Amino acid sequence: MILVIAEARDGRLNRATWETLAAVQPLGDPITIVLPGAAPLAALGQELAEAAVAEVVLLESPALELYTPDGYTAALTPIIEELSPSLVALPHTYQTRDLAPKIAARMDRALVTDVTAVKPGAAAQEGPIFVRPMFQGKLTADVVMQGPAPHFVTFQVGAFRAEQAARGASPAPSRVIGPTGERGAIRQQPEAPFREAKQAVDLTQAERIVAVGRGIKEQAHIAMAQQLADALGAEIAASRPICDAGWLPMDRQVGSSGQTVSPKLYVALGISGAIQHLVGMKGSQVVVAINKDPDAPIFEVADFGIVGDLFDIVPALTNALKS
Amino acid sequence: MKIAVCIKQVPTRDWQPRIDDRGAWIRDADATYEMNEPDAYALEEALRLKEAHGGEVVVCSAGPARVAQVLREALARGADRAIHVQHDDLTRADGFALAGVLAEAMAAERFDLILTGLQSDDQGLAQTGVILAERLGLPHATIVMDVQIEKSSLRVKRELEGGWFQWVTLPLPALLTIQSGINQLRYATLKGIMAAKKKEIRTTSPSAAVSARLKVVKLYAPEKVKRTEIIPGPPADAARTLVQRLRDTARVV
């Protein structure tokens, strides 16, 4: 069987949990979902029970109200040991990045992260092949896991479609369990999540976006990109390194740590297309990439591309739009 | 305060990927290498903490002989000494293998604080730091954007998704994985480079065979998800063609 660890915050399921279900359902094994959290989890349990799965387990404990790696590891490890699945699947969220390696290390089992597809293995004993990006998305790897089960897998957010998760004909049975095993001390004391000074720019509402990456080289060159944005009636945005450098404010950042956008037009200037950026913009209707490197991963998601020096192409593009 | 920073040597950002004849790894010998970027931020954070609170910064890396280059660079930036776990089998090691050999080499040092980047720019597994914490029995926090030291504890700002953050307090000793952009990087000065030549790099070997949990069976160029029209020609012509496509074909301008 396959165990899916669901993720919820503030009484809402993370949509990526449904993506994880969509990823593992085609493997054909019976699926159990476990949702850790503070009571009552019944409403979320009902929602999860709509999925075509064998069982939903609600793991309720006051210690699980706010996520901590110690608390979640102590609560989840005994359940995984008891259910003894062949595979434990999670969405590759920031919470999972904090949690999954710890549980896998505690149980001394293999973990493959940021998976985008699953293929049948060459031999039954080797198990399925997990497909994932490597080298900043420049290459793709087929990976197999070694050593005893359970094996752990995390799925890249956005790689599977939540609406493709199969729903059951009737609700799956669900049960509530309290914390099992011994409750170790939780060493992390978390405070409530917060947002920095409110977002001045809502890029999610922009119809067109011009985004700049490392290829822009200097802060002074942002003006050139801004002129193109003005000519297009677009908002200016950036990949993470540009905002880290302080060349554009953080609220202009697109990607897993910034905003997720889906405009009609997304123009990527000098952005190589690391996966952390792609997850924030690949829902765009039309993507244009301008980059000197013909092998840059951004071209994989681009509808139109120009390979060349953006310092020649961008002013030419601004001119062409004005005529 | 005794601070360790785990750094990894990875192919440079402008490296053009070349796959080896067996199709399961890159052509190592052809690649050029540099310090993994998130690890460079972890190193910078460690140097700043030492400047503010005193102590020692020790850089640690696991990999083949070439890894000494990034350790030297870290020493030139201001780290005090280095530990190199050296073995050719560590070239393509996964997080399990790396954390295992690092834990073995680092345990006796009893560091107060261990920092590392949140993930590597080569395999990008984002596992080594957390597994290392578990192996050493330390509490951890990942994707950290601010570090405040308060006597025997730490208060750190963790980045969550979509512009959310969270403060977490944890006791020392502890391990943190650092997000890129937490600080502004310094570069080595000539004086630093000269001083680094006198600093110690202790080389150790893993006590047992390096055992990985993940096996790459095939490595290949990504499959395209979209059909991309690459517009050729000189800049002015390509720009005109692109504008025409956006206006008439895609109708988004």
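These points cover the interface between chain A and chain B in a predicted model.

1. Extent. The contact draws 85 residues from chain B and 82 residues from chain A. The size of an interface is often given as the accessible area lost when the parts come together. Here chain B and chain A bury about 7600 Å² between them. Carbon and sulfur atoms carry 53% of that area.

2. Salt bridges. Nine salt bridges are found across the interface of chain B and chain A. One pair to inspect is R213(B) with D108(A). Their closest N and O atoms are 3.7 Å apart. The pair counts as a salt bridge because the cut-off is 4 Å.

3. Polar contacts. Between chain B and chain A, 48 residue pairs are in polar contact, with both residues at pLDDT 80 or more.

4. Elements on the chain B side. α6(B) gives the most, with 10 residues.

5. Composition. The side of chain B that touches chain A has 45 nonpolar residues. A further 18 are polar and 22 are charged.

6. Strand pairing between chains. Strand β13 (residues 189-190) of chain A is joined to β9(B) by two bridges. The two strands run antiparallel. In this pairing, P190(A) stands opposite V168(B), a residue of β9(B).

Terms used. Residues are numbered from 1 along each chain as its sequence is written. Chains are lettered from A and ligands numbered from 1 in the order in which they are written. This is a predicted model: local features need pLDDT of at least 70, side-chain atom pairs count only at pLDDT 80 or more; totals for chains, interfaces and linings use all residues. Side-chain values use heavy atoms; hydrogens and water are left out. Contact means heavy atoms within 4.5 Å. Buried area is the accessible area (1.4 Å probe) that two parts lose on being put together, summed over both. A salt bridge is a side-chain nitrogen of Lys or Arg within 4 Å of a carboxyl oxygen of Asp or Glu. A polar contact is a pair of N or O atoms within 3.5 Å; within protein, one must be able to donate a hydrogen and the other to accept it, and residues adjacent in sequence count only if both atoms are side-chain atoms. Helices (H or I, at least four residues) and strands (E, at least two) are DSSP runs, numbered from the N terminus. Ala, Val, Leu, Ile, Met, Phe, Trp, Tyr, Cys and Pro count as nonpolar, Asp, Glu, Lys and Arg as charged, and the others, Gly among them, as polar. Two strands pair if DSSP finds at least two bridges between them.
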